[in-house]
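This report sets out geometric features of a single protein chain and its ligand surroundings. Please consult the sequence and coordinates alongside the text.

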Amino acid sequence: MKNLQLPFDEAKIRKIAADYPTPFYLYDERAIRQNARRLLRAFGWNQGFREFFAVKATPNPHILKILREEGFGADCSSLAELVLSERVGITGDGIMFTSNDTPAKEYLRAKELGAIINLDDITHIDYLDKHCGGVPELLCFRYNPGPQRTGNVIIGNPAEAKYGLTREQLFQAYPLVRERGVRRFGLHTMVASNELDRGYFVETARMLFQLALELKDRLDIRLEFVNLGGGIGIPYRPEQTAVDLEALGREIHELYNAMIVPAGLDPLAIYMENGRMVTGPYGYLITTAIHQKNIYRYYIGVDACMANLMRPGMYGAYHHITVLGKENAPADHVCDVVGSLCENNDKFAIQRSLPKIDMGDLLVIHDAGAHGYAMGFQYNGKLRSAELLLKEDGGIQQIRRAETMDDYFATLDFTGVNR
Ligand SMILES: Cc1ncc(COP(=O)(O)O)c(C=O)c1O
């Protein structure tokens, strides 16, 4: 069952809201650190294990710095994410550059930083050669298993997904880059997102281990690492259960002992690039109830909207909601919790049973710590909120201020009409 316990109470949030008006994001540093350590411990048996945090999930340097201190690297997919990582001191092989449809200048920056470049297509070998002064000494390829695996709603069915090389292309790509001077090799895949079944990741490990064996046998290519991608899910719904990381580590260890060790391929480092499970459950969107209306349905209007958190509107995703101070009140009012966008899918909850909500009540939208703020936008002239950190000592640090009207106009080369 999901943990519904909050690391704060109503009084604490009212105090914070006096300085930082709602809506705002709040991240729990202690929980992020504990969870990071747990993941590393679960794979501690693998000497080279590394988690490259998917920067896109929570692209805030303060969060990245915490994760760097815990020993994580960064998985970047764009120039801005590379620069973010560099600014917090994650460089070199601490960066995995897993991008797609990548402009030359982004590859160039990744190369300059010494990042591990993960190519999304066989044609990108020539592209690197032509636009970026050749291939680096270490190169990784992203594998798309196509019909061999099933994906899910967020990432799509692998056979229909735009990412990665086919199996046949993989076996062409490694010898090709070896001829051009690549000496160190990695293999990556990412076939599911928000997956709660750990068996899925065990199967992914099996698939990559099998490829490692075949690449050695057929081409004498010895992989240095396999990257299982991200995608470990989190229990958004109260009845769901988090992935048992210790069991996952154990089961992949057994597979490693059965497949990799006897083939003489040990040590083979295991990498992951999770985002959601690293920060998702430890970030909250705090918002205030400002309107209610009773028409064909009963609505609660809040001061956050889909521009702050678009997962519900985009994927129909469930996010649990707690009404602060009413944690134990009966959930006997059915409502839609909505934002102010001129879009009818701007709803944080649809026909949800919640306690009676009074205007001014504070609502906590759970599990917003990954792919939350990051997906925000300015449609309808909505400004992005602040991000706050609940520090280990209980203090609050603003780690990103809220946007202002000046920010909104900053990119408009328009000084106004002279009257
Ligand atoms: C290539 C790649 N790696 C890692 C991630 C992180 O996924 P998650 O946050 O589900 O762990 C993503 C998500 O979009 C991705 O596209």
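## Basis of the model

The structure is a predicted model, in which local features require pLDDT of at least 70, side-chain atom pairs count only at pLDDT 80 or more, and totals for chains, interfaces and linings use all residues. Residues are numbered from 1 along each chain as its sequence is written.

## Overall fold

The chain contains 12 helices and 17 strands; these are DSSP runs numbered from the N terminus, with helices (H or I) of at least four residues and strands (E) of at least two. The radius of gyration is 23 Å, close to the 22 Å given by the globule rule for 419 residues, so the chain is as compact as a globular protein of that length. Here the radius is taken over C-alpha atoms, and the rule is 2.2 Å times the number of residues to the power 0.38. Along the principal axes, the C-alpha atoms fill a box of roughly 70 × 60 × 45 Å.

Of the 419 residues, 42% count as buried. A residue is buried if 20 or more other C-beta atoms lie within 10 Å of its own, exposed if 12 or fewer do, and partly exposed in between, with C-beta atoms placed from the backbone. Among contacts with a separation of 6 or more, 69% involve residues 24 or more positions apart; a contact requires C-beta atoms, placed from the backbone, within 7 Å.

## Ligand shell

There are 17 residues around the ligand, and A54, G230, N274, G275 and R276 come nearest. The criterion is a C-beta atom, placed from the backbone, within 6 Å of the molecule. The shell divides into five nonpolar, eight polar and four charged residues. In this scheme Ala, Val, Leu, Ile, Met, Phe, Trp, Tyr, Cys and Pro are nonpolar, Asp, Glu, Lys and Arg are charged, and the others, Gly among them, are polar.

## Helix α9

Helix α9 has 15 residues (245–259) and reaches 21 Å from its first C-alpha to its last, close to the 21 Å expected at 1.5 Å a residue. The expected span is 1.5 Å times one less than the number of residues.

The buried residues of α9 are L248, G249 and I252. They cover an arc of only 95 degrees around the axis, which puts them on the same side of α9; the arc is that of the directions from the helix axis to the C-beta atoms. These buried residues pack against α2 (29–42), α8 (198–219) and β9 (269–272). The face turned away from the buried side carries the exposed residues A247, E254, N257 and A258.

## Loop residues and backbone geometry

Most residues other than glycine have a negative phi, and most peptide bonds are trans. The peptide bond from T22 to P23 is cis, with omega near 0 degrees, and P23 lies in the loop between α1 (10–19) and β1 (24–28). A cis bond also joins D266 and P267, with omega about 5 degrees; P267 is in the loop between α9 and β9.

Phi is positive at N194, near 50 degrees, and at H371, near 55 degrees. N194 lies in the loop between β7 (184–189) and α8 and is buried, with 22 other C-beta atoms within 10 Å. H371 occupies the loop between β15 (362–365) and β16 (386–390) and counts as buried with 26 C-beta neighbours inside 10 Å.

Definitions and conventions:
Two residues are in contact if their C-beta atoms, placed from the backbone, lie within 7 Å.
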